[in-house]
Amino acid sequence: MLLAVAGALALGFLLLPLLALFLRVPPATLVSELGSSVVRDALIVSLETSAIAHAFILGVGTPVAYLLATQRFRGRALLIGAIDLPLVLPPAVAGIALLAAFGSRGLLGATLSAFGVTIAFTQAAVVLAVIFVASPFYLRQAVSAFESVDPDLLAAARTLGARPFRTFRRVALPLAAPGLAVGSSLAFARGLGEFGATIMFAGSLRGSTQTLPLAIYAELDQDFDAAIAIGALLVLVSVAILAAVKLLPSWSSISPFRFAPSRSS
Amino acid sequence: MELDLTVPLRSFALELSLETGAETLALVGPSGAGKTTLLRTIAGLVRPSRGRIAAGGDTWFDSGAGIDLPPEERSVGLVFQDYALFPHLTVEENVRFGARGAVDDALERLGIDALAGTRPGELSGGERQRVALARALGREPKVLLLDEPLAALDAPMRTGVRSYLRGLLGELGLPTLLVTHDYADAVALAGRVGVLVGGRLVQLGTPTELLTAPATPFVADLVGGNLLVGRAERREDGLTQIELEDGTRVLSTDEASGEVALLVYPWEITLARAAGDDSSRNHVRGTVEELVPLGNRVRVRVGPLTAEVTAASAERLGLRIGEPVVASFKATGARVLGAR
């Protein structure tokens, strides 16, 4: 009985604020607010920066994770530990750190401006901030997905004439795919919600660096209904991603083998 | 295939020098003797600290000449102990992965064409082994390497797979190196057997050579008894008659049929100048082919059998090479391996 009450309280506490987003304003207002130009601009900025950042995370993160999972070298443990650092770093620290590195008065600022490149407070800064905070979510998951592929399968591929790249593409990648998809979803969700590092490193310029989370903050005292509408939209996206992560392994035709490599004994 | 290599392992070094032709050679040894490491080294998955590996006229590794081909450039078919089939690919796709020739032929040769569309997860141990063999052979390798080919199979399946594999290896005529911890498997599958202990080849020879003149007590223990291969048939009197490869017929009390391996311990064989009136059902007449003293005992080879008698008995019988002798043992002393 006591447990049931505690459970109901906890669940209510978690769900009530989310429900409030949908109940605070009538659904018709929610939909019309989503059509407003502020929301549209923020949506475009969010989608663009997320897509670029995510492409980068997958493109660079996948081979890096594969190497970390399959190669043994000095400093490997240190490197894997370092991946986790952005996970525990406060977002504001990430933002100030990025400024300290790439800002106009930052470490690389002079070098970059010599080439006519400005990063801080541009869309590139949004992309960098998202990569910085979201990539660990993908890398961690990807390293463990590649580690769970039986090394004998990779060795077998090599003895069957496959060069390292073909071994990666035909054996490691498909077998790690379900884990990679989970990591990819988590990283995308984290990137889409990025706030702290972005506002410090990229600012909140409408149509350029103002992403959906930043637009919520900006609209808070301008148009509260619009802020609520963006919040509702992000909740729906989050729920969709969460559902995908939960359902993905059972949908994938490969996943049943993920935890059952060829060991037959 | 020519091997001469040193591979440092955790607590000792694998040091081996070996030359094989188009034959099946088995290396037997306890686990941790470096057997799997040897196969991986030949395949290019482990790098030796020094030495040379050559096969079919190609040099795969030569520390002196700075040659070290990656695995994909070595024409080798390696069958892993757990088969290492790709779980996300069908049987046909597994074989196609490394195939040079027609995949259908490779599947047909191993009798698995009906399983082409099946995934490895749905196969039995014996079927998996055939797929692994088909996949390795599909590459048309110059050398076939088998890692514990029967270890992953259940006991009842082993006897059947053993004789199947023996036939297949004979048909292929490929230089084949197999490693196993089971001496019976080695004898059943290979013409020559090497004993690997602590990374070193202690002895290399035919099973008869190992039995007649074991180089060390370990080899004597490992070899144990006479392992004879033949065809078993039930007789009406309830005994099993086994016709050995050289035509000798022996009786066993074990029930068996088909191709079997028979074990007779040397100390259960008695020698006499003429067959006496005793309870032994098996009397093999032959001449003394080899006499090897082992301390106060002597190992005597007569036809397909090696007997062990005391030095005093050998003296009393006046055993000399080339002289006629009768080797006798009871039907209860002839055990069929894998019999139920």
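The legends below describe close-up views of a predicted model.

Local features are given only where pLDDT is at least 70 and side-chain atom pairs only at pLDDT 80 or more, while totals for chains, interfaces and linings use all residues. Residues are numbered from 1 along each chain as its sequence is written, and chains are lettered from A and ligands numbered from 1 in the order in which they are written.

**View 1. The contact between chain A and chain B.** In this view, 21 residues of chain A are in contact with 23 residues of chain B; contact means that the C-beta atoms of two residues, placed from the backbone, lie within 7 Å. On the chain A side, α9 (151–159) and α10 (164–192) each supply at least two residues. The most come from α9(A), with 6 residues. By class, the chain A side has 11 nonpolar, 5 polar and 5 charged residues. Here Ala, Val, Leu, Ile, Met, Phe, Trp, Tyr, Cys and Pro count as nonpolar, Asp, Glu, Lys and Arg as charged, and the others, Gly among them, as polar. Helices (H or I, at least four residues) and strands (E, at least two) are DSSP runs, numbered from the N terminus.

**View 2. The crossing of α3(A) and α10(A).** The axes of α3(A), residues 37–70, and α10(A) come within 10 Å and cross at roughly 145°. Axes are lines fitted to C-alpha atoms, for helices over the stretch in contact, and angles run from 0 to 180 degrees between N-to-C directions. The crossing is right-handed, a term for a near helix turned clockwise from the far one by less than a right angle, with anticlockwise being left-handed. Among the residues that meet are H54(A) and Y66(A) in α3(A), and F168(A) and F188(A) in α10(A). This contact has 10 nonpolar, 6 polar and no charged residues.

**View 3. Helix α1(B).** A buried residue has 20 or more other C-beta atoms within 10 Å of its own, with C-beta atoms placed from the backbone. The buried residues include K35(B), R40(B) and I42(B). Just after α1(B), G44(B) has a positive phi of about 95°.

View 4. Antiparallel strands β4(B), residues 50–55, and β5(B), residues 58–62, are joined by 4 bridges; pairing requires at least two bridges found by DSSP. I53(B) has F61(B) as its bridge partner. In the turn of this hairpin, G56(B) has a positive phi of about 55°. β5(B) also pairs with β6(B), residues 67–68, in the antiparallel sense over 2 bridges, where D62(B) stands opposite I67(B). The hairpin of β5(B) and β6(B) has 4 residues between the strands, and G66(B) takes a positive phi near 70°.

Key. A residue is buried if 20 or more other C-beta atoms lie within 10 Å of its own, exposed if 12 or fewer, and partly exposed in between; C-beta atoms are placed from the backbone.
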